[in-house]
Amino acid sequence: MAMRRGVSLRCCCLFLFLLLIENAHGNPNYREALAKSLLFFQGQRSGRLPKDQQITWRSNSGLSDGLFAHVDLTGGYYDAGDNVKFNFPMAFTTTMLSWSTLEYGKKMGPELQNARAAIRWATDYLLKCATATPGKLYVGVGDPNADHKCWERPEDMDTVRSVYSVSASNPGSDVAGETAAALAAASLVFRKGDPRYASLLLRTAKNVLQFAMQYRGAYSDSLGSAVCPFYCSYSGYKDELLWGAAWLFRATNDVTYYNFIKSVGDDGGTDVFSWDNKFAGAHVLLARRALLNRDKNFEPYRQEAEDFICRILPNSPFTTTQYTQGGLMYKMPESNLQYVTSISFLLTTYAKYMKSTKHYFNCGNMVVNPGLLTNLAKRQVDYILGVNPIKMSYMVGFGPNFPRRIHHRGSSLPSLANHPQSIRCDGGFEPFFHSSNPNPNILVGAIVGGPNQNDGFPDDRSDYSHSEPATYINAAMVGPLAYFAGGKSG
């Protein structure tokens with residue numbers, strides 16, 4: 001009991017502190033942050049860049065990707081600060097960009113077309129991966145172990161561009177389930193504007209999910225060191241099967257997917273949402289039907305979604321979530337902001353569903369209304385944008401004080417225009433990687449891993465746990481930014 005009071009007292013002090021900070025600094029410019037969060041994806045592009053490319057220090061790269069398998073696997077995104085295409089996090093990035101667009105597209109204004117372009121850059125690639133060879137799903141390009149020994153621009157890559165795939169004999173239900181989710185979610189984004197493309201996405205999503213369901217297994221077991229420890233499927237593949245089927249059910253309304261969802265089973269409770277663990281996201285997505293459609297069959301998922309939120313809210317008697325003294329959710333020492341942005345997305349989205357149906361729920365004796373969720377999400381978003389104890393914006397290029405030495409090869413090395421000579425595998429470490437100078441190229445909009453548990457941030461290029469950006473950190477931030485940029489109504 002004494003411990004509970006201590007937690008409540010800390011939370012009370014924390015919120016007072018945040019309120020003072022917000023009053024002192026006002027609201028960040030969410031619309032500017034939204035534009036920059038989407039611009040970031042141009043800096044992660046692989047393949048032949050279009051004429052309207054705005055991040056001009058990047059050039060064409062990975063133009064022979066797929067050659068080893070005699071297929072075209074050009075395009076897509078590099079996941080973070082390296083030059084590898086890992087489809088598991090890339091597909092999650094795509095699903096989250098699509099969900100953001102579906103929920104908040106009306107609030108995006110002129111950024112809606114940029115969100116669609118960011119999605120399509122990924123889905124064009126994922127379609128190739130899913131259709132190039134019958135019976136195979138390609139799930140990555142580039143040897144991560146070789147790549148991580150090098151510090152070179154993507155335009156100069158001289159590491160082996162190995163091609164990785166899953167199949168009936170080497171299954172990957174997790175990466176296939178996530179790919180199906182991405183394609184199905186994106187099909188809804190393009191349904192009105194490009195119905196032919198949307199139809200192709202949905203047809204492919206159905207085939208990929210069927211493959212995931214029929215040939216069960218974790219891609220980590222099939223591919224080993226090609227994906228581990230980088231993007232192992234630590235949570236197993238059941239969450240991706242649930243997630244993929246949930247998205248296909250939303251896209252088709254086919255009862256077959258609902259029956260499969262029921263058969264998958266559940267996780268027994270979680271307090272994270274990430275590229276690895278999709279249970280919470282699937283529960284919120286399915287709870288949407290319970291709330292908006294008043295479909296009683298989906299009540300168990302509403303309960304799961306609300307149980308998840310009760311583990312997040314700081315004053316909840318069931319909270320399992322730590323907060324820093326400055327008010328930031330703190331889940332993991334490495335790349336913590338990925339959890340902050342993804343959970344913030346679920347908070348604003350569930351609040352949106354609650355508000356439209358005048359729904360409230362309880363965490364024990366605590367009444368939860370939509371405002372409680374949006375206020376917490378706003379505090380997280382504002383913290384990321386500079387409303388924090390050290391006044392550091394964790395979005396590159398936003399505000400006067402942001403990370404200058406991010407762990408990112410292309411950003412930290414001179415561009416081809418300024419240094420046309422090739423920089424080979426180990427040529428970038430000296431003088432660039434080990435330099436204390438700021439990166440020469442600003443990767444506008446990139447959100448880095450974030451501060452430590454003491455709200456500190458060393459801005460050290462070698463400290464990848466805190467200074468490396470990633471596509472999935474940004475993708476989950478797009479929705480909340482659009483929500484706050486467009487005002488809180490609806």
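The structure is a predicted model, in which local features need pLDDT of at least 70 and side-chain atom pairs count only at pLDDT 80 or more, whereas totals for chains, interfaces and linings use all residues. Residues are numbered from 1 along each chain as its sequence is written, and side-chain values use heavy atoms, with hydrogens and water left out.

Disulfides were assigned to pairs of cysteine sulfur atoms within 2.5 Å. In general terms, such a link is a covalent bond between the sulfur atoms of two cysteines. With bonded cysteines counted along the chain, the pattern is 1-6, 2-3, 4-5. Cys129 takes part in no disulfide, and the nearest cysteine sulfur, that of Cys228, is 19 Å away. Cys129 is buried, with a relative accessible area of 1%; here buried means under 20% relative accessible area, exposed over 50% and partly exposed in between, with a 1.4 Å probe and protein chains only.

Cys150 lies in the loop between helix H5 (144-147) and strand E3 (163-167), and Cys425 in the loop between helix H15 (409-412) and H16, so the pair ties together parts that are 275 residues apart in sequence. Helices (H or I, at least four residues) and strands (E, at least two) are DSSP runs, numbered from the N terminus. The two partners fall into separate accessibility classes: Cys150 is buried at 4% relative accessible area, while Cys425, at 22%, is partly exposed.

Cys310 and Cys363 form another disulfide, with their sulfur atoms 2.0 Å apart. The torsion about this S-S bond is about -90°, so the link is left-handed. Because Cys310 belongs to helix H12 (residues 299-312) and Cys363 to strand E6 (residues 361-363), the pair ties together parts that are 53 residues apart in sequence. Cys310 is buried at 4% relative accessibility, and Cys363 is buried at 0%. A disulfide also joins Cys228 to Cys232, with an S to S distance of 1.9 Å. Cys228 has a relative accessible area of 18% and is buried; Cys232 likewise counts as buried, at 10%.

Helix H2 (residues 30-43) comprises 14 residues and reaches 21 Å from its first C-alpha to its last, close to the 20 Å expected at 1.5 Å a residue. The expected span is 1.5 Å times one less than the number of residues in the helix. H2 is mostly covered, with 11 of its 14 residues buried. Among the buried residues are Tyr30, Leu34, Lys36, Phe40, Phe41 and Gln42. The elements that cover them include helix H3 (87-104), helix H4 (111-131), helix H14 (370-384) and helix H18 (471-485). Asn29 caps the N-terminal end of H2, where a side-chain oxygen lies 3.2 Å from the backbone nitrogen of Arg31.

Strand E2 (residues 136-141) is also mostly covered, 5 of its 6 residues being buried. Two strands were taken to pair if DSSP finds at least two bridges between them. E2 pairs with strand E1 (residues 85-86) in the antiparallel sense over 2 bridges, and Lys85 stands opposite Val141 in E2. E2 and E3 run antiparallel and are joined by 5 bridges; Tyr138 has Ser165 in E3 as its bridge partner.

Asn439 is found in the loop between helix H16 (429-433) and helix H17 (464-467) and is buried at 9% relative accessibility. A polar atom of the Asn439 side chain lies 3.1 Å from the backbone oxygen of Ile406. Contact means heavy atoms within 4.5 Å. Leaving aside neighbours within four places in sequence, Asn439 is in contact with Arg404, Arg405, Ile406, His408, Ser411, Ser412 and Arg461.

Gly410 is placed in helix H15 and is buried, with a relative accessible area of 7%. Residues up to four places away in sequence not being counted, Gly410 touches Trp57, Pro154 and Asn441. The C-alpha atoms of Gly410 and Ser233, 177 residues apart along the chain, are separated by 27 Å.

Key:
A polar contact is a pair of N or O atoms within 3.5 Å; within protein, one must be able to donate a hydrogen and the other to accept it, and residues adjacent in sequence count only if both atoms are side-chain atoms.
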